[in-house]
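Here's a quick tour of one model, meant to be read with the sequence and the coordinates open side by side. Have a look at it before going on.

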Amino acid sequence: MSTLNLSKTERIDVRASSAVKQLLQEAARSCHKNVSEFLLDAGVTAANHALADRRHFVLNDEQWQAFQHALDRPVQAKPRLKKLLGEPGVLD
């Protein structure tokens, strides 16, 4: 999805170090874009990539049947997972 064809009505503010700003400016220049265009294009691409497997996936008939079967299967107890999730973590 190109950001160049979309109406721009919202503003996004980003803070960065001087080194990051210079890097972004250099990368934008190398693509013949301004920093806003560069960041929007890169951000939209990254967002679509991050969300792709959560929005749309294609299954053939056999895979669809297996998927439905897995969804309909009764919940199974997983004692090792329960124990793991009950233990303090790195951030605890």
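What follows covers the helices, the loop between two of them, the salt bridges and the aromatic rings.

This is a predicted model, in which local features need pLDDT of at least 70 and side-chain atom pairs count only at pLDDT 80 or more, while totals for chains, interfaces and linings use all residues. Residues are numbered from 1 along each chain as its sequence is written, and side-chain values use heavy atoms, with hydrogens and water left out.

- Helices here are DSSP runs (H or I, at least four residues), numbered from the N terminus.
- Helix α2 takes in residues 35-55, 21 residues in total, and its first and last C-alpha atoms are 29 Å apart, close to the 30 Å expected.
- There's a kink of about 30 degrees in α2, centred on H49; the bend at a residue is the angle between axes fitted to the seven residues ending there and the seven starting there.
- At the start of α2, a side-chain oxygen of N34 comes to within 3.0 Å of the backbone nitrogen of S36.
- Which residues of α2 are buried? F38, D41 and V44 are, where buried means under 20% relative accessible area, exposed over 50% and partly exposed in between (1.4 Å probe, protein chains only).
- The buried residues of α2 pack against α1 (18-30), with contact meaning heavy atoms within 4.5 Å.
- L51 also lies in α2, and it is partly exposed at 30% relative accessible area.
- Going from L51 to L84 takes you 33 residues along the chain, and their C-alpha atoms are separated by 28 Å.

**The loop between α1 and α2**

- H32 sits in the loop between α1 and α2, just after α1.
- Its phi is near 60 degrees, a positive value in a residue other than glycine.
- For background, most residues other than glycine have a negative phi.
- H32 is exposed, with a relative accessible area of 76%.

**Salt bridges**

- How many salt bridges does the structure hold? There are three, counting a side-chain nitrogen of Lys or Arg within 4 Å of a carboxyl oxygen of Asp or Glu.
- R11 and D13 pair up through their side chains at 3.3 Å, N to O. R11 is exposed at 73% relative accessible area, and D13 is exposed too, at 65%.
- K33 bridges to D41, with the closest N and O atoms 2.5 Å apart. K33 counts as partly exposed at 29% relative accessibility, whereas D41 counts as buried at 16%. D41 is also one of the buried residues of α2.
- E87 and K83 meet at 3.9 Å, N to O. E87 is partly exposed at 40% relative accessibility, while K83 is exposed at 58%.

**Aromatic rings**

- The count comes to one aromatic pair. The rings of W64 and F67 have centres 5.7 Å apart and planes at 40 degrees, so the pair is tilted.
- The rule takes rings of Phe, Tyr and Trp (its six-membered ring) with centres within 6.5 Å; planes under 30 degrees apart count as stacked, over 60 as edge-to-face and the rest as tilted.
- Where do W64 and F67 lie? Both are in helix α3 (residues 61-72), three residues apart, about one turn of the helix.
- An α-helix has 3.6 residues a turn, so residues three or four places apart point the same way.
- W64 is partly exposed, with a relative accessible area of 39%, and F67 is partly exposed at 30% relative accessibility.

Key. Helix = DSSP H or I, 4+ residues; strand = E, 2+ residues; numbered from the N terminus. Expected span 1.5 Å × (residues − 1). Polar contact = N/O pair within 3.5 Å; in protein donor to acceptor, adjacent residues only side chain to side chain.
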